[in-house]
Amino acid sequence: MAMTRLVVTSTEDVTPSLRRIWFHSDDLSALAGFDDQSDRYVKLVFPKAGVELPEGLSMRELRIALAPEDLPVVRTYTAPILDITGGIMAIDFVVHGDHGVAGPWARSATAGSILYADGIGGGYRPDPSADAHLIAGDDCAVPAIGAALAALPAEAEGQVFILVESAADEPPMPAPHGVKVTFLHRTAGQSLARAIREWPWPHGRVQAFVHGEAKDVMHGVRPYLLKDRALPLADTSISGYWRHGRTEEGFRQWKSDLAAAEGNN
Ligand SMILES: Cc1cc2nc3c(=O)[nH]c(=O)nc-3n(C[C@H](O)[C@H](O)[C@H](O)COP(=O)(O)OP(=O)(O)OC[C@H]3O[C@@H](n4cnc5c(N)ncnc54)[C@H](O)[C@@H]3O)c2cc1C
């Protein structure tokens with residue numbers, strides 16, 4: 001299927017480190033599906049500087065048409081706002097400095113900037129029958145956490161932990177009355193793992209959604225939830241969204257090495 005062409009219509013700063021970019025497309029039909037998943041994500045395709053992508057091609061066809069050094073870079077982003085009929089999509093990008101492709105692109109994107117999307121996925125939605133929800137992540141997971149909170153029933157109970165740089169980086173995060181939202185600050189040395197371990201564990205069935213920096217999540221939080229708290233896998237959505245010091249390509253390799261090492265245990 002051909003990639004979806006996206007044109008930036010406007011940008012807004014949700015916080016100093018989180019930039020919402022609004023896109024228009026004449027045809028978003030390739031991104032249909034997964035509406036029922038609150039963590040719905042798209043693969044965004046960033047052309048290399050000076051390389052014009054031929055229109056109407058799929059990623060597979062591009063890999064044949066272009067020299068390896070001209071191939072675009074693919075990054076994964078949550079798509080909480082996606083109106084297929086209206087041709088509108090919005091993505092919240094963490095603006096994390098000069099390194100990488102997507103973060104710097106988002107910082108400098110203006111109306112008229114062009115991007116492509118190739119594929120959509122998702123795998124979590126809060127289960128209204130859970131007795132309590134543990135929802136946690138860092139800035140990258142803010143869009144998915146916001147969508148999860150919007151999907152919770154009004155009577156839901158639980159705890160949200162969100163790790164951001166400092167108080168200035170706290171986005172608005174409306175939640176049902178029984179769900180407490182706690183922001184943690186890197187500048188204060190706080191961490192998701194510590195906050196989750198210190199959280200008084202509730203009675204009943206807990207469903208957990210935890211995503212953020214991969215080492216924090218996979219080494220700091222996952223063993224606690226799966227082993228110490230014996231959460232069944234079916235009640236968890238836990239994974240890294242990015243990895244310190246690695247590009248998304250390097251991070252994919254880290255994940256596959258981790259999976260292989262765990263498979264050998
Ligand atoms: C399912 C899924 C959904 C995601 N949703 C979102 C989303 O909605 N919004 C969002 O901003 N991100 C989201 N991410 C994370 C995003 O894909 C990564 O942060 C990605 O690496 C950014 O690409 P880049 O080109 O900016 O940096 P890369 O080229 O991948 O990395 C370059 C350098 O930047 C560092 N880096 C990457 N991300 C960050 C960060 N967030 N903070 C600090 N340093 C970083 C890397 O460690 C590396 O050193 C999601 C990831 C997944 C798997």
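How many of the eight residues of E9 are buried? Seven of them are, which leaves E9 mostly covered; here a residue is buried if 20 or more other C-beta atoms lie within 10 Å of its own, exposed if 12 or fewer, and partly exposed in between, with C-beta atoms placed from the backbone. The views below walk through this and other parts of the structure.

**A note before the views.** This is a predicted model, in which local features need pLDDT of at least 70 and side-chain atom pairs count only at pLDDT 80 or more, while totals for chains, interfaces and linings use all residues. Residues are numbered from 1 along each chain as its sequence is written.

View 1. Strands (E, at least two residues) and helices (H or I, at least four) are DSSP runs numbered from the N terminus, and two strands pair if DSSP finds at least two bridges between them.

**View 2. A closer look at E8 beside E9.** Strand E8 (residues 132-138) and strand E9 (residues 157-164) run parallel and are joined by six bridges. Look for histidine 133, whose bridge partner in E9 is glycine 158. Glycine 137 can be followed across to E9 as well, where its bridge partner is isoleucine 162.

**View 3. The antiparallel sheet.** Seven strands form this open sheet, and their order is E4-E3-E7-E1-E2-E6-E5, with antiparallel pairing. E4 and strand E5 (81-83) stand at the edges with a single partner strand each, so one side of each has no neighbour in the sheet. From one strand to the next, the twist averages 35°. In general, strands of a sheet pair through backbone hydrogen bonds, either parallel or antiparallel.

**View 4. Strand partners within the antiparallel sheet.** Strand E1 (residues 4-15) and strand E2 (residues 18-24) form a hairpin with two residues between them, and seven bridges pair these strands in the antiparallel sense. Serine 10 stands opposite tryptophan 22 in E2. E2 also pairs with E6, again antiparallel and over seven bridges, with phenylalanine 23 opposite methionine 89 in E6. Elsewhere in the sheet, strand E3 (residues 41-46) runs antiparallel to E4 and is joined to it by six bridges; leucine 44 has arginine 75 as its bridge partner in E4.

**View 5. The shell around the ligand.** Which residues come nearest to the ligand? Of the 24 residues around it, these are Thr78, Val94, His96, Gly100 and Gly103, where a residue is near a molecule or strand if its C-beta atom, placed from the backbone, lies within 6 Å of it. Strand E4 (73-78), strand E6 (88-94), helix H2 (102-108) and strand E12 (236-242) each supply at least two residues of the shell, and E4 gives the largest share, four residues. By type, the shell divides into 10 nonpolar, nine polar and five charged residues; Ala, Val, Leu, Ile, Met, Phe, Trp, Tyr, Cys and Pro count as nonpolar, Asp, Glu, Lys and Arg as charged, and the others, Gly among them, as polar. The ligand lies between domain 1 (4-121) and domain 2 (132-263), because both give residues to its shell; the domain bounds come from an automatic or database domain assignment.

**View 6. Two residues with positive phi.** Most residues other than glycine have a negative phi. Phenylalanine 34, in the loop between E2 and E3, has a positive phi near 65°. Phenylalanine 34 is partly exposed, with 18 other C-beta atoms within 10 Å. Alanine 230 sits in the loop between helix H5 (214-228) and E12, and its phi is positive too, at about 50°. With 7 other C-beta atoms within 10 Å, alanine 230 is exposed.

View 7. Glycine 240, in strand E12, counts as buried, with 23 C-beta neighbours inside 10 Å.

Notes: Axes fitted to C-alpha atoms, helices over the stretch in contact; angles between N-to-C directions.
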